[in-house]
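Work through the exercises below with the sequence and the coordinates open. Each task is followed by a stepwise solution.

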Amino acid sequence: MADILLQGGRVIDPARDFDANADVLLQGGKVARVGSGIAVPAGAKVIDVKGLWVVPGLIDMHTHLREPGQEYKENIETGTAAAAAGGFTAVCAMPNTRPPNDNRAVTELIVRRAREVGAVRVYPIGCITQGQKGETLSEMGELQEAGCVAVSDDGRGVMNSEVMRRALEYARGLGLPVIQHAEDTALSSGGPAHEGAVTTRIGLRGQPAAAESAMVARDIELVALTGAAYHVAHVSCAETVRLVRDAKARGLPVTCEVTPHHLMLTDEACAGYDTSTRVNPPLRSDRDVAAVREALSDGTIDAVATDHAPHSPVEKDVEFEQAAPGLIGLETALALCLELVETKVLSPTVLITRMSTAPARILHLSGGTLAPGSPADVTVIDPKAAWICEPNRLRSRSRNTPFGGRSMRGRAMLTIVEGNIAFAQEKFVG
Amino acid sequence: MTGAHAFTQKHLLGMEHLSAGEITTILDLGEHFLQIADRPIKKVPTLRGKTVINLFLEPSTRTRTSFEIAAKRLSADGVNFSASSSSTTKGETLIDTATNLDAMSPDIVVLRHAQAGAAHLLTKHIKAAVVNAGDGQHEHPTQALLDASTMRAHKGKIEGLTVVICGDIDHSRVARSNIFALRKLGARVRVAGPRSLLPLGIESLGVEAFDRIEPALEDADVVMMLRIQLERKAGSRFPNTREYARVFGLNARRLALAKPDAIVMHPGPMNRGVEISPEVADGPRSVVLEQVSRGVAIRMAVLYLLGGGSDATE
């Protein structure tokens with residue numbers, strides 16, 4: 001690969017508390033230097049990034065690539081292409097594939113396919129329990145050896161408290177974070193939308209916010225018991241925010257993430273029965289949206305994660321309650337979060353912390369910083385670029401987004417993975 | 001009745017998005033069609049040559065029969081397509097079923113479906129006008145219209161009435177449609193029942209909620225009792241039907257709390273001895289069967305307005 005010199009951008013590297021105009025030199029797949037007036041090495045590719053942000057590559061902690069098993073929705077090639085276009089240099093692949101990633105053979109397949117066709121880094125996440133059934137622990141040690149960076153039964157919460165306790169203990173011993181899809185399924189009872197004034201009006205069955213927060217409350221007590229690193233996936237409600245805030249104040253190793261859709265949309269979005277708004281956890285009330293925004297700003301919520309969940313028309317062109325939950329997010333996440341910068345909810349530094357630095361820290365990944373010697377995983381962002389979200393032009397194999405037609409502001413211009421250009425906006429790099 | 005009606009909707013999906021004027025138009029037309037049931041030949045030619053498909057994907061006898069009679073009395077050609085005989089049990093999607101039927105050029109599709117929003121979904125995929133004959137827990141607009149028609153006939157007008165809806169509010173599309181319609185027409189609406197059967201945030205629809213039916217019944221003009229929808233797992237929300245009947249059932253003693261001329265309504269099917277005692281169900285203040293009669297007339301009015309029939313007075 002040629003060396004790359006990114007000239008004159010605004011370099012934001014929260015891990016080093018750095019925010020200034022500077023050049024960034026990438027050599028041999030590593031960040032070589034960050035500073036002003038770096039001389040152009042012979043043969044280096046020089047890219048003018050004046051007026052743009054140069055940040056450590058964005059990392060999505062929560063992605064569904066659907067391979068193996070549901071390649072008609074997405075595969076590693078299309079999913080990572082979408083990630084690159086969205087500014088992500090790494091994604092974490094959730095294990096609810098077919099078969100689920102609960103054994104080393106599946107992990108190895110994902111790692112190999114990612115090496116063959118992946119545009120960005122793929123970090124597999126293994127199952128907590130075999131078959132995600134919530135009964136028997138999966139072979140976490142082997143999963144870790146094969147490349148898994150965390151365990152999760154995402155799509156389902158671990159209902160049995162004893163199983164969850166032992167999972168936390170065992171994972172702690174391995175140094176594997178446990179990511180919980182917090183949902184008490186007895187309470188949620190399959191309700192496709194947030195239980196509240198909107199479901200009451202439009203007649204959809206609801207699931208209460210307590211279906212999430214009750215499980216988080218239990219888990220926090222289990223974290224206190226076991227000392228394991230525990231991460232709450234897709235926090236959606238004010239009560240969970242309060243519980244996590246309290247847990248952090250107690251000094252417990254609890255972290256959490258929020259999705260762009262839970263930051264941007266309320267349950268009112270479901271009023272037209274548009275199945276692209278059917279997602280689990282469901283879109284919540286405006287009070288909940290205000291709470292997760294505040295928590296993202298103050299650090300109670302550590303990370304933004306997309307929960308990119310591709311589905312085909314087979315799963316989505318049906319009745320609302322029948323529709324599979326989930327929406328795609330890799331190509332819209334950055335622009336949506338930049339709206340929060342525009343409206344002063346987040347500073348640029350906090351945004352990059354939540355989308356890169358923190359995910360790397362929580363999952364112990366290399367990257368998340370532009371410190372010399374770090375992997376040359378870099379995203380160049382034009383925070384002002386105006387574009388319209390056209391689902392048919394997205395790189396994901398699926399089209400299930402509620403943001404189709406939305407006027408966006410800000411996008412990734414260049415995504416560099418290990419010193420190679422994984423994505424460049426048209427005409428940006430000659 | 002003249003040809004000009006204040007009704008421009010293509011579909012009837014629910015009461016939430018109808019105006020008071022549109023509701024009144026349907027009620028007025030319903031009064032007109034009511035007379036047809038008393039004629040020796042109960043048929044007018046207004047929808048001759050029009051095709052109405054009753055697409056009933058959830059068990060229903062009375063609503064389907066009512067729509068069928070309404071279509072026949074307007075001389076429309078009615079076809080029934082029911083869940084038991086449908087291809088949906090063979091794995092076909094609702095959209096495929098509907099577009100296949102639509103390819104046969106019906107003018108109106110009447111849909112009954114177990115899930116909220118199903119009628120909305122249909123309108124995005126077919127050319128025919130869609131009548132929502134009940135979508136999950138969401139709406140059942142023709143029921144609310146026939147209920148309003150019945151109330152208006154007994155009370156003169158809806159505005160200013162106090163209407164109490166009692167029972168399984170959470171699972172009830174009848175309650176939702178009635179709340180929307182009655183609020184638009186100026187009635188005060190109370191809902192009452194065990195707290196575990198009242199949906200969260202029901203007050204946001206402009207109603208007063210009561211945990212017990214006694215205080216709700218005070219000075220009521222209309223008492224509407226709802227069935228417990230055991231098929232929607234309502235049974236886990238309260239101990240058993242015996243206790244329900246004792247604590248929340250409408251009997252003569254409780255009805256005495258309402259105004260002396262209060263009427264008692266029920267959308268059916270009734271569970272006698274549970275939400276309503278036989279003496280009240282069959283008593284002089286019960287207008288349950290009149291609701292059924294008016295149901296045909298109201299559905300004729302709806303089919304007429306959506307089917308673009310010729311002058312209703314001919």
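**Exercise 1. Chain A as a whole**

Task: Find what share of the contacts in chain A with a separation of 6 or more comes from residues 24 or more positions apart. Then describe the overall build of chain A.

Solution. 
Step 1. Residues 24 or more positions apart account for 74% of those contacts in chain A. Two residues are in contact if their C-beta atoms, placed from the backbone, lie within 7 Å.
Step 2. Note the ground rules. This is a predicted model: local features need pLDDT of at least 70, side-chain atom pairs count only at pLDDT 80 or more, and totals for chains, interfaces and linings use all residues. Residues are numbered from 1 along each chain as its sequence is written, while chains are lettered from A and ligands numbered from 1 in the order in which they are written.
Step 3. List the secondary structure. Chain A has 13 helices and 18 strands. Helices (H or I, at least four residues) and strands (E, at least two) are DSSP runs, numbered from the N terminus.
Step 4. The C-alpha trace of chain A spans about 65 × 45 × 45 Å along its principal axes. Of the 430 residues in chain A, 60% are buried. Buried means 20 or more other C-beta atoms within 10 Å of the residue's own, exposed means 12 or fewer, and partly exposed lies in between, with C-beta atoms placed from the backbone.

**Exercise 2. A sheet in each chain**

Task: Trace the five-stranded open sheet of chain A and the four-stranded open sheet of chain B.

Solution. 
Step 1. In chain A the order is E9-E10-E13-E14-E15, with parallel pairing. Two strands pair if DSSP finds at least two bridges between them.
Step 2. Strands E9 (151–152) and E15 (303–304) of chain A each pair on one side only.
Step 3. Look inside the sheet. E10 (178–180) and E13 (230–232) of chain A run parallel and are joined by three bridges. Val178(A) stands opposite Tyr230(A).
Step 4. Place the helix. H8 (238–249) of chain A lies across E13 and E14 (254–258), at about 150° to E14(A). Axes are lines fitted to C-alpha atoms, for helices over the stretch in contact, and angles run from 0 to 180 degrees between N-to-C directions.
Step 5. Turn to chain B. The order there is E2-E1-E3-E4, again with parallel pairing. E2 (77–82) and E4 of chain B have a single partner strand each, so one side of each lacks a neighbour in the sheet. Neighbouring strands are turned by 15° against each other on average, direction ignored.
Step 6. Check one pair. E3 (108–113) of chain B and E4(B) share five bridges in the parallel sense. Val110(B) has Val131(B) as its bridge partner.

**Exercise 3. Contact surfaces**

Task: How many residues does each domain of chain B bring to the contact between them?

Solution. 
Step 1. Count. Domain 1 of chain B brings 19 residues and domain 2 of chain B brings 19.
Step 2. Find the suppliers on domain 1. H1 (20–34), E4 (129–135) and H11 (288–307) of chain B each give at least two residues.
Step 3. Compare the chains' own contact. It takes 16 residues from chain A and 22 from chain B.
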